[in-house]
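Please keep the sequence and the structure in view while reading.

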Amino acid sequence: MVTDNPSWQPGSAYFFSAHLRDRRSRLLVEHTQVLRLAFRIAQQVRPFRINAIVVLPDHLHGVWTLPIGDEDGDRRWRQIQAVFDRQLPGHPPRAMVRRDRCVRPLWHDDFREHRLVDANDVQRHIAYVHDYPVQHGLVREASEWPYSSIHRRCVREGGPC
């Protein structure tokens, strides 16, 4: 696919959403460095591009682009969960909590992703991700939310958000 949008990369782009089991938890914003590490490790093992991400206390939303011919976001997500679970201070390893190694005790089982159809769809979902904290009354301006990739966009574009 060829588009006029320079941010669009060939390959499949997906919107994704993931939630902690405990909807009152603040683990994701309290341990953003651990979450960043988990994403970085997953990107090294199975490359992908994070187009946008917003981290809330108990869930996150994002857009990522996978390499051409690769649609295995689920495996990447399982690795992110595994690294986060293992690196999180004060939490027992998943094997001690559950015998089933595929079950993540911190995370809701329902990781959602869907393929975005074109560059316009990607841009709409990126805007949705960045605007999510505003739509839910957490901040007045998207740039006020500290746990968002909108700050990378602002730096890249060289202006205020």
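Leaving aside its neighbours within four places in sequence, with which residues is Ser12 in contact? The model in which this is examined is a predicted one. With those neighbours left aside, the contacts of Ser12 are Trp64, Thr65, Leu66, Asp70, Glu71 and Arg115. One of these residues, Arg115, also makes a polar contact with Ser12, side chain to side chain, at 3.3 Å. Ser12 belongs to the segment before strand S1. Ser12 counts as buried because its relative accessible area is 5%, and buried means under 20%.

Strand S1 covers residues 13–19. Seven of its seven residues are buried. In a regular strand the side chains alternate between the two faces of the sheet. In S1 both faces are covered: Ala13, Phe15, Ser17 and His19 lie on one side, while Tyr14, Phe16 and Ala18 lie on the other.

| Strand paired with S1 | Sense | Bridges | A bridge pair |
|---|---|---|---|
| S3 (59–65) | antiparallel | seven bridges | Phe16 and Gly62 |
| S4 (residues 112–115) | antiparallel | four bridges | Phe15 and His114 |

Phe16, a residue of S1, counts as buried because its relative accessibility is 0%. Setting aside residues up to four places away in sequence, Phe16 touches Phe39, Ile53, Leu60, His61, Gly62, Val63, Trp64, Phe111, Arg112 and Glu113. Between the C-alpha atoms of Phe16 and Gly73 there are 8.9 Å, although the two residues are 57 residues apart along the chain.

**The nonpolar core**

The largest nonpolar core has 40 residues, and those touching the most other members are Phe39, Trp64, Trp77, Ile80 and Phe84. At least two residues of this core come from each of S1, helix H1 (27–30), helix H2 (32–45), strand S2 (49–55), S3, helix H3 (73–87) and H5. The contacts of Trp77, not counting residues up to four places away in sequence, are Ala18, Phe39, Leu60, Trp64, Trp107 and Phe111.

Helix H5 (residues 119–135) contains 17 residues. From its first C-alpha to its last it reaches 23 Å, close to the 24 Å expected at 1.5 Å a residue. At the start of H5, the backbone nitrogen of Asn120 has a side-chain oxygen of Asp118 within 3.2 Å. Further along, H5 bends by about 35° at Val129, and Pro133 follows within four residues. Both Val129 and Pro133 are among the buried residues of H5, which also include Ala119, Asp121, Val122, His125, Ile126, His130 and Tyr132. An α-helix has 3.6 residues a turn, so residues three or four places apart point the same way. After H5 comes Gly137, with a positive phi near 70°.

Is Tyr147 buried, partly exposed or exposed? Tyr147 counts as partly exposed because its relative accessibility is 27%, between the limits of 20% and 50%. Tyr147 sits in the loop between H5 and helix H6 (150–157). Pro133 is 14 residues away from Tyr147 in sequence and 9.6 Å away in space, C-alpha to C-alpha. Apart from neighbours within four places in sequence, Tyr147 is in contact with Val29, Thr32, Ile53, Val54 and Val55. Ile53 is also among the residues touched by Phe16.

Notes. Residues are numbered from 1 along each chain as its sequence is written. This is a predicted model: local features need pLDDT of at least 70, side-chain atom pairs count only at pLDDT 80 or more; totals for chains, interfaces and linings use all residues. Side-chain values use heavy atoms; hydrogens and water are left out. The expected span of a helix is 1.5 Å times one less than its number of residues. The bend at a residue is the angle between axes fitted to the seven residues ending there and the seven starting there. Buried means under 20% relative accessible area, exposed over 50%, partly exposed in between (1.4 Å probe, protein chains only). A polar contact is a pair of N or O atoms within 3.5 Å; within protein, one must be able to donate a hydrogen and the other to accept it, and residues adjacent in sequence count only if both atoms are side-chain atoms. A nonpolar core is a set of buried Ala, Val, Leu, Ile, Met, Phe, Trp, Tyr and Cys residues joined through side-chain atoms within 4.5 Å. Contact means heavy atoms within 4.5 Å. Two strands pair if DSSP finds at least two bridges between them.
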